[in-house]
Amino acid sequence: MSDVIRKRPRQRRSKDTMDVMLEAAAQMFSCEGLAATTNRIAERAGFSIGTLYQYFPNKHAMLRELALPHLIAGGEQLGQVFIRLRENEPPFEETMRAIVDVIVDLHSDRPPLHALMHRVALRLPEELAAVRAFEDHLVDEISYHLQRCGRGCDDAALTARTLVHVVDTQVHRVPTRDPITAEQVMGLAQRLTSAITLADGRSG
């Protein structure tokens with residue numbers, strides 16, 4: 001069964017119906033994870049299961065519909081930050097903090113939902129390619145600033161990719177009772193870059 005929504009609403013009333021169902025899905029996924037069912041989501045939204053199935057073939061389609069705007073919003077916000085950082089060229093800690101602030105802000109609401117979207121929502125080849133392209137762009141930007149600031153040592157690209165995966169793990173895979181903070185992520189990033197710089201200094 002396809003995970004693509006069955007119809008894209010055009011009328012205001014239909015759009016409002018879909019928005020209510022997606023909000024209910026977000027709430028149920030946050031509380032119950034992938035154990036959430038379409039029946040419980042429809043009940044939470046105040047609609048019949050038949051109404052839900054007019055738009056969504058299954059819960060995975062709902063999860064996918066929640067994930068796509070999140071990915072687009074992240075790309076747009078980080079893109080603006082990348083432009084500003086290239087123009088202003090602040091120190092590396094300030095550069096990394098500007099990037100981390102956006103990433104943490106995007107994941108501050110409903111951490112369990114974001115973890116679920118990251119693991120299972122986007123599965124089509126073109127969607128996975130878009131995620132990889134987004135990750136590569138983030139790596140390229142951080143690598144540029146590592147080199148500009150004399151950090152990252154012999155392999156800035158490898159350091160940048162490691163940083164990206166550390167941040168990704170912290171916001172998507174490490175279970176926390178409370179939302180992750182920018183200070184926590186920055187602490188990890190600083191320890192990592194310091195350790196790499198120290199190790200490369202010893203090897204040189």
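The protein chain has nine helices and zero strands, where helices (H or I, at least four residues) and strands (E, at least two) are DSSP runs numbered from the N terminus. Read from the N terminus, the order of elements is α-α-α-α-α-α-α-α-α.

A word on what this is. It is a predicted model, in which local features need pLDDT of at least 70 and side-chain atom pairs count only at pLDDT 80 or more, while totals for chains, interfaces and linings use all residues. Residues are numbered from 1 along each chain as its sequence is written, and side-chain values use heavy atoms, with hydrogens and water left out.

Confidence next. pLDDT is the predictor's confidence in each residue, from 0 to 100. The protein chain has a mean pLDDT of 85, with 88% of its residues at 70 or more. Helix α2 (residues 38-45) has the highest confidence, at 96, and helix α9 (residues 182-203) the lowest, at a mean of 71.

Now the chain as a whole. Of its 204 residues, 42% count as buried, buried being under 20% relative accessible area, exposed over 50% and partly exposed in between (1.4 Å probe, protein chains only). Contact means heavy atoms within 4.5 Å. Among contacts between residues at least 6 apart in sequence, 73% join residues at least 24 apart.

On to helix pairs. Axes are lines fitted to C-alpha atoms, for helices over the stretch in contact, and angles run from 0 to 180 degrees between N-to-C directions.

Take helix α1 (residues 12-32) and α2. Their axes come within 8 Å and cross at roughly 125°. That makes α1 oblique to α2, given that angles under 35 degrees count as roughly parallel, over 145 as roughly antiparallel, 65 to 115 as roughly perpendicular and the rest as oblique. On the α1 side the contact includes Val20, Met21 and Phe29, and on the α2 side Arg40 and Ile41 are among the residues. By class, this contact of α1 with α2 has eight nonpolar, one polar and three charged residues. Here Ala, Val, Leu, Ile, Met, Phe, Trp, Tyr, Cys and Pro count as nonpolar, Asp, Glu, Lys and Arg as charged, and the others, Gly among them, as polar.

How do α4 and α5 lie? The axes of helix α4 (residues 59-88) and helix α5 (residues 92-106) come within 10 Å and cross at roughly 165°. The two are therefore roughly antiparallel to each other. Contact residues include His70, Gly74 and Leu85 of α4, and Thr95, Ile99 and Leu106 of α5. The contact of α4 with α5 divides into nine nonpolar, four polar and no charged residues.

α5 also packs against helix α8 (residues 156-172), at an angle of about 35° and with the axes 12 Å apart. In this pair, Phe92, Met96 and Ile103 of α5 meet Leu163, Val167 and Val171 of α8. That contact has six nonpolar, no polar and no charged residues.

His145 sits in helix α7 (residues 125-148). Is His145 buried or exposed? His145 is buried, with a relative accessible area of 0%. Leaving out residues up to four places away in sequence, His145 touches Leu85, Arg86, Phe92 and Thr95.

Ala115 belongs to helix α6 (residues 111-121). Ala115 is buried, with a relative accessible area of 10%. Ala115 and Gly33 are 82 residues apart along the chain, and their C-alpha atoms are separated by 9.3 Å.
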